[in-house]
Amino acid sequence: MEFLGHYNYWIVIFLMMTGFYVVISHSNLVRKIIGLNIFQTSVFILYISMGKMPGGTAPIVAEGVTLYSNPLPHVLILTAIVVGVATTALGLALVVRIKEAYGTVEEDEIHAQDESL
Amino acid sequence: MTLNMLLSHLPALQVVVPLLAAPLCALLRPRHLAWAVATLTSWVCLLISLTLVAQVQAGGTLRYTFGGWPSPWGIEYVVDLLGAYVLLIVSLIAALVLPYARRSVEREIDPEHHSLFYTALLLCLCGLLGIVITGDAFNLFVFLEISSLSTYTLISFGRDRRALTASYQYLIMGTIGATFFLIGVGLLYVLTGTLNMADLAERIVPLAESRTLHTAFAFILVGVSLKLALFPLHLWLPNAYAHAPSVVSAFIASTATKVAVYVVVRFIFSLFGYRFAFDQMQLDWVLLPLAIIGIFTASVVAVFQENVKRMLAYSSLAQIGYMMLGISLDSVTGLTASLLHLFNHALMKGALFMALGAVFYRIGSVQLGQMAGLGRQMPWTLGAVVAGGLSLIGVPLTVGFISKWYLILAVIEQGWWILAALVLVTSLIALVYMWRVVETSYFQPRPAGAVIAGEAPLSLIAPTWLLVLANLYFGIDTGFTIDLAGSAAAALIGGEP
């Protein structure tokens, strides 16, 4: 039961490893960015999970509510999401310029072109 | 009255000034104006960090709480001796690189991108200063990403198209590193419910057996090791340094990795506690072999490089190895040696990369073959390369000697004579690769048909030689640096029961 009770953390680990694998294994630069995104998303879920209380609501003072979720990790992860978006944008911008300079987004072809110089 | 108010807000201003100046730079279309604003900002930053050093030396650790929220609720900036010392290194290098930047950037970067270049440089400065000054673990992540994202941008400004792939490679590895760091901070928060470093340090003491704490430690250390290019996580660094514009190489080579080393020191000694790191986690068994392999392989690889900037990049990897070696010795002398080398390496690599930037300015290349016979035509520039190289090797009367001396003292203190011999051997390898540059540029004739290069302009030579003279000055009058590094190290190790 405990295994299932922490299912959100299992999802985190699954996503993290998937993203990490995609980053390492693919030679297509765009796919690497996608893998990086999945990797970062797993951390977002990790943070969101840790702030959640079962049965807790948003931390607003109201009558009859005593159980709150912790808002701090959620706020933190908003910042991390913004950072993630910026990283993705910058990464894709670099890929566009690499495509212009090399005519390809495959890592091995780029490597071959640099070697032949 | 107002001056006192201003002085009490210096820790915040140290970060806020470059942060506000950066968008201002982006708005200023006339590129000389953007440069002027950036230079002025870097000088203001230097002034602030000098004042902070004086304040810390006079009155002890400074704590600055934002918005009146007391720590651990609000974000807190902490300037202790170590912090003030690293702030000084970063802003000193920035204040010297920016006057140098005007001519070099005019030569290497398209005119319409100048304002954006200075914006990215200021953001990078802001991020690095923020990493050092913040007392909040999550805030550190944010500054880490500010400095990293701007560094990726800065590298991609390089003329060579390989700068783009270098930047991309760094982006992938840097983001993985930063995300690892974020996971580690998240685990710490789960355990303790706080993000304030001082508060964390107290709350994790009873949790030393916790598996979560061990995992958090591993994630944070691996994440930061990617940033500081510890062997074998260094693959991004040689390309990034070699293909970035000269100004960027000079700036990040002497600041970015140093700040990452600072983060390692901060987390091991101030947050986790060195007894936890070395006794519980056996950190020395990981760091020491990696540092030694890193020093040795990087030094050897450097000998075979044809691109001099790439050669210096490998040399930087070896120097990072020396710093990690000092940390892994787990002694006050070892840590002193690391902190000394932090400062000294910034001086020598700054001087060397700036001198190479001057070479690039004149002949448009830093390939060893192209530099043949340049010693007569650019005496001041190549003189700076020789002086910086001597310092890198560790010849007496230069700062390099002081750091090597302390490192060897620390190694011998542990009774590891073989390691002391290794440090000497790798210094000799440094002699080999620096000699290749000297031999080519002084004793070989200029290739037939090569352009006759005159001396580089004064605005490139003057900052370079200021750094060279600093290399000599701090190599002779060692009181200031040894005093600072020594007391910072003693505070870090002695500050814990």
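Predicted model: local features only at pLDDT ≥ 70, side-chain atom pairs only at ≥ 80, totals over all residues.
Local features need pLDDT of at least 70 and side-chain atom pairs count only at pLDDT 80 or more, while totals for chains, interfaces and linings use all residues; side-chain values use heavy atoms, with hydrogens and water left out. Residues are numbered from 1 along each chain as its sequence is written, with chains lettered from A and ligands numbered from 1 in the order in which they are written.

A pocket is an open set of points with protein on both sides within 12 Å along at least five of seven lines. A cavity is a set of points where a 1.4 Å probe fits but cannot get out. Lining residues have an atom within 4 Å of a point. Grid points are joined across faces, edges and corners, and a volume is the space filled by probe spheres set on the points.

The largest pocket has a volume of about 930 Å³. Its lining holds 36 residues, and those closest to the centre are Asp114(A), Arg162(B), Asn239(B), His243(B) and Arg310(B). Two or more lining residues come from each of α5 (107-115) of chain A and α7, α10 (237-243) and α14 (308-328) of chain B. Helices here are DSSP runs (H or I, at least four residues), as are strands (E, at least two), numbered from the N terminus. By class, the pocket lining has 15 nonpolar, 12 polar and nine charged residues. In this scheme Ala, Val, Leu, Ile, Met, Phe, Trp, Tyr, Cys and Pro are nonpolar, Asp, Glu, Lys and Arg are charged, and the others, Gly among them, are polar.

Seven cavities of 30 Å³ or more were counted. The largest cavity holds about 120 Å³ of space. It is lined by 14 residues, with Leu144(B), Ser147(B), Tyr170(B), Lys227(B) and Ala256(B) nearest its centre. In chain B, α5, α6 and α11 each give two or more residues to this lining. The largest share, five residues, comes from α11(B). Nine residues of the lining are nonpolar, four are polar and one is charged.

The second largest cavity has a volume of about 50 Å³. Chain A lines it with Gln40(A), Val43(A), Phe44(A), Ala80(A), Val83(A) and Gly84(A), and chain B with Phe141(B), Glu145(B), Thr179(B) and Leu182(B). The elements giving two or more of these residues are α3 (29-51) and α4 (71-102) of chain A and α6 and α7 of chain B. Six of the lining residues are nonpolar, three polar and one charged.

Salt bridges were examined next. A salt bridge is a side-chain nitrogen of Lys or Arg within 4 Å of a carboxyl oxygen of Asp or Glu. The structure holds 10 of them over all chains. Glu76(B) and Arg63(B) form one, at 3.1 Å from N to O. Glu76(B) is in strand β2 (residues 76-79) and Arg63(B) in strand β1 (residues 62-65), 13 residues apart. Residues are called buried under 20% relative accessible area, exposed over 50% and partly exposed in between (1.4 Å probe, protein chains only). Glu76(B) is buried at 3%, whereas Arg63(B) is exposed at 51%.

Asp80(B) and Arg266(B) form another salt bridge, at 2.8 Å. The two residues are 186 residues apart, with Arg266(B) in helix α11 (residues 246-272). Asp80(B) is buried at 15%, and Arg266(B) is buried at 8%.

Arg159(B) pairs with Asp110(B), with the closest N and O atoms 3.1 Å apart. Arg159(B) lies in the loop between α6 (137-156) and α7 (162-192), and Asp110(B) in the loop between α4 and α5 (114-133), so the bridge ties together parts 49 residues apart in sequence. Arg159(B) is exposed at 56%, and Asp110(B) is partly exposed at 32%. Arg275(B), Asp279(B) and Asp330(B) are linked in a network of salt bridges.

The structure holds zero disulfides over all chains (cysteine sulfur atoms within 2.5 Å). For Cys25(B), the nearest cysteine sulfur is that of Cys45(B), 12 Å away. Cys25(B) is buried, at 0%. For Cys45(B), the nearest cysteine sulfur is that of Cys126(B), 8.6 Å away. Cys45(B) is also buried, at 0%.

Ser299(B) sits in helix α13 (residues 283-303). Ser299(B) is buried at 2% relative accessibility. Beyond residues up to four places away in sequence, Ser299(B) touches Gly294(B), Ala318(B), Thr426(B), Ile429(B) and Tyr433(B), where contact means heavy atoms within 4.5 Å.

Note on methods:
1 Å grid on protein atoms, 1.4 Å probe; cavity = no way out; pocket = protein on both sides within 12 Å on 5 of 7 lines; lining within 4 Å.
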